[in-house]
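Subject: Handover of a structure, with findings

Dear colleague,

Please find below the structure that I am handing over to you. My notes on it follow directly after.

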Amino acid sequence: MRKRNLILASLVLGLGAPASAAMAADVCQGPAPTAGAVLHGPVLEISDGASLCIAAGASPTAWTRVSVRQLGASRPLLMAAAFGQNATCRIGADGLADCTIEGVRLADTVNRPEIIKASLQWGQRLVPTQVASAAR
């Protein structure tokens, strides 16, 4: 399973390298989730502090973007907490997802000291415009 996650993560990184910023925003091409759906798979794209892209297969047409309940998280914080990890997200009637990462509530994961520390390193890897938009 871990090997599959690494392969999927390398696919998304390979796709994103030559892509423009506009193309990167369209990486998750799967259908929008419906209320009551439960999605499970590795997180392979985090475009902002409010959504995750969960892969159900190797093709971006099988990657679904979910909007997570308000966490007050930045993109670097979500990257540190969820990127490349297995997520399970339950979509509520309001269309927002309650997610767990490796079995732990995402809201709890983003508040762990080691995740906060790691998010500072993710923030340094982002270009200044991405850091500014992640801070919003």
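Counted along the chain, the bonded cysteines follow the pattern 1-2, 3-4. Please keep in mind that this is a predicted model. The structure contains two disulfides, and I describe each in turn.

The disulfide of C28 and C53

The sulfur atoms of C28 and C53 lie 1.8 Å apart and form a disulfide. This bond links distant parts of the chain, since C28 sits in the loop between α2 (21-25) and β1 (38-45), while C53 belongs to strand β2 (residues 51-55), 25 residues apart. Are these two cysteines buried or exposed? Residues under 20% relative accessible area are called buried. C28 has a value of 13% and is therefore buried; C53, at 0%, is buried as well.

The disulfide of C89 and C99

The other disulfide joins C89 and C99, with 2.1 Å between the sulfur atoms. Here too the pair links distant parts of the chain: C89 is in strand β4 (residues 86-91) and C99 in strand β5 (residues 96-101), 10 residues apart. The torsion about the S-S bond is about 115°, which means that this disulfide is right-handed. C89 is buried, at 0% relative accessible area, and C99 is buried at 8%.

In soluble globular proteins, nonpolar side chains tend to be buried together. The largest nonpolar core of this model has 25 residues, and those that touch the most other members are I46, L52, V66, C89, C99 and L106. Two or more residues come from each of β1, β2, β3 (63-68), α3 (75-82), β4 and β5. Which element gives the most to this core? It is α3, with six residues. A further core, of six residues, lies apart from the largest one, and V27, L44, C53 and W63 are among its members.

Helix α3 is mostly covered, with eight of its eight residues buried. These are R75, P76, L77, L78, M79, A80, A81 and A82. After α3 comes G84, which has a positive phi, near 80°.

The contacts of C99 show its surroundings in the model. Leaving aside neighbours within four places in sequence, C99 is in contact with L52, V66, V68, T88, C89, V104, R105 and L106.

In β5, the covered face consists of A97, C99 and I101, and the uncovered face of L96, D98 and T100.

Which way does β5 run relative to each of its partners? The pairings are as follows.

- β3 and β5 pair in the parallel sense over two bridges; S67 has L96 of β5 as its bridge partner.
- β4 and β5 run antiparallel and are joined by five bridges; T88 has T100 of β5 as its bridge partner.
- β5 and strand β6 (residues 104-105) pair in the antiparallel sense over two bridges; the partner of T100 in β6 is R105.

Two hairpins involve β5. In the hairpin of β4 and β5, four residues lie between the strands, and G95 in the turn has a positive phi of about 85°. In the hairpin of β5 and β6, two residues lie between the strands, and E102 in the turn has a positive phi of about 50°. In the case of E102, the positive value occurs in a residue other than glycine. How accessible is E102? Its relative accessibility is 45%, so E102 counts as partly exposed.

The loop between β4 and β5 also holds G92. At 14% relative accessibility, G92 counts as buried. Not counting residues up to four places away in sequence, G92 touches A35 and R69. The C-alpha atoms of G92 and V68 are separated by 9.9 Å, and these residues are 24 apart along the chain.

With kind regards

Definitions and conventions
Residues numbered from 1 in each chain as written. Predicted model: local features only at pLDDT ≥ 70, side-chain atom pairs only at ≥ 80, totals over all residues. Heavy atoms only, no water. Disulfide = S-S within 2.5 Å. Buried < 20%, exposed > 50% of the residue type's maximum accessible area, 1.4 Å probe, protein only. Core = buried A, V, L, I, M, F, W, Y, C linked by side-chain atoms within 4.5 Å. Contact = heavy atoms within 4.5 Å. Pairing = 2+ DSSP bridges.
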